[in-house]
Amino acid sequence: QVQLVESGGGLVQAGGSLRLSCAASGRTFSRSGMGWFRQAPGKEREFVAAISWTGGRTDYADSVKGRFTISRDNAKNTVYLQMNSLKPEDTAVYYCAANGWGSSERQYDYWGQGTQVTVSS
């Protein structure tokens with residue numbers, strides 16, 4: 001059974017940093033694209049970042065470009081999201097997605113349960 005488990009969320013002040021991790025089990029995703037999405041209260045889930053299976057190609061939402069960095073360690077079957085210069089509007093539940101590519105939820109086959117990120121002003 002495939003599982004994606006996110007960790008690293010929490011409460012941080014504006015301007016601070018967090019690093020999210022997503023550990024996959026049940027199968028390897030070393031040859032699959034992976035991504036991060038987020039959902040703020042009362043809003044639809046939105047794309048944050050994606051990374052190709054080699055790590056050589058990445059894509060970001062305009063709202064996080066220059067502040068967030070997605071990376072992966074295929075040996076650990078894990079993808080990361082380094083979030084710097086956090087803003088209150090980054091507050092959301094962050095979800096890891098696997099076996100896909102792009103900015104649409106429909107392009108991914110597997111999802112984690114999410115980790116809460118709260119940025120205080």
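Over the ring of which residue does the charged end of Arg-19 sit? The charged end of Arg-19 sits over the ring of Tyr-80, 4.0 Å from its centre; a charge is taken to sit over a ring if NZ of Lys or CZ of Arg is within 6 Å of the ring centre and within 35 degrees of the ring normal. A second case involves Arg-45, which lies over the face of Tyr-95 at 4.6 Å from the ring centre.

The model is predicted, so local features need pLDDT of at least 70 and side-chain atom pairs count only at pLDDT 80 or more, while totals for chains, interfaces and linings use all residues. Residues are numbered from 1 along each chain as its sequence is written, and side-chain values use heavy atoms, with hydrogens and water left out.

Helices (H or I, at least four residues) and strands (E, at least two) are DSSP runs, numbered from the N terminus. Two strands are said to pair if DSSP finds at least two bridges between them. An open sheet of 4 strands has antiparallel pairing and the order β1-β3-β8-β7. Its edge strands, each pairing on one side only, are β1 (3–7) and β7 (68–73). On average, and with direction ignored, neighbouring strands of this sheet are turned by 15 degrees against each other; axes are lines fitted to C-alpha atoms, for helices over the stretch in contact, and angles run from 0 to 180 degrees between N-to-C directions.

Strand β3 (residues 18–25) is joined to β1 by 5 bridges, and the two run antiparallel. Leu-4 stands opposite Ala-24 in β3. The pairing of β3 with β8 is also antiparallel and extends over 6 bridges. Arg-19 has Gln-82 in β8 as its bridge partner. Ser-21 is placed in strand β3 and counts as buried at 19% relative accessibility; buried means under 20% relative accessible area, exposed over 50%, and partly exposed in between (1.4 Å probe, protein chains only). Not counting residues up to four places away in sequence, Ser-21 touches Val-5, Glu-6, Ser-7, Trp-36, Thr-78, Val-79 and Tyr-80, where contact means heavy atoms within 4.5 Å.

A nonpolar core is a set of buried Ala, Val, Leu, Ile, Met, Phe, Trp, Tyr and Cys residues joined through side-chain atoms within 4.5 Å. The largest nonpolar core has 33 residues, of which Trp-36, Leu-81, Met-83 and Tyr-94 touch the most other members. Two or more residues of this core come from each of β3, β4 (34–39), β5 (46–51), β7, β8 (78–83), β9 (92–98) and β11 (115–120). With residues up to four places away in sequence not counted, Met-83 touches Gly-16, Ser-17, Leu-18, Leu-20, Arg-67, Phe-68, Tyr-94 and Val-117.

The whole structure contains 5 aromatic pairs. Rings of Phe, Tyr and Trp (its six-membered ring) pair if their centres lie within 6.5 Å; planes under 30 degrees apart count as stacked, over 60 as edge-to-face and the rest as tilted. One of the pairs is formed by Phe-37 and Phe-47, edge-to-face, at 5.6 Å centre to centre and with 75 degrees between the planes. This pair links distant parts of the chain, with Phe-37 in strand β4 and Phe-47 in strand β5, 10 residues apart. Phe-37 counts as buried at 1% relative accessibility, and Phe-47 counts as buried at 12%. The rings of Phe-37 and Tyr-108 have planes at 80 degrees and centres 5.4 Å apart, so this pair is edge-to-face. Here Phe-37 in strand β4 is linked to Tyr-108 in the loop between β9 and β10 (110–111), 71 residues apart. Both Phe-37 and Tyr-108 are buried. Phe-37, Phe-47, Tyr-108 and Trp-111 form one aromatic cluster.

The loop between β8 and β9 holds Ser-85 and Asp-90. Ser-85 has a relative accessible area of 41% and is therefore partly exposed, whereas Asp-90 counts as buried at 1% relative accessibility. The C-alpha atoms of Ser-85 and Ser-17 are separated by 6.2 Å, although these residues are 68 residues apart along the chain. Apart from residues up to four places away in sequence, Ser-85 touches Gly-15, Gly-16, Ser-17, Arg-67 and Asp-90. For Asp-90, again leaving aside neighbours within four places in sequence, the contacts are Arg-38, Arg-67, Phe-68, Ser-85, Val-117 and Val-119.
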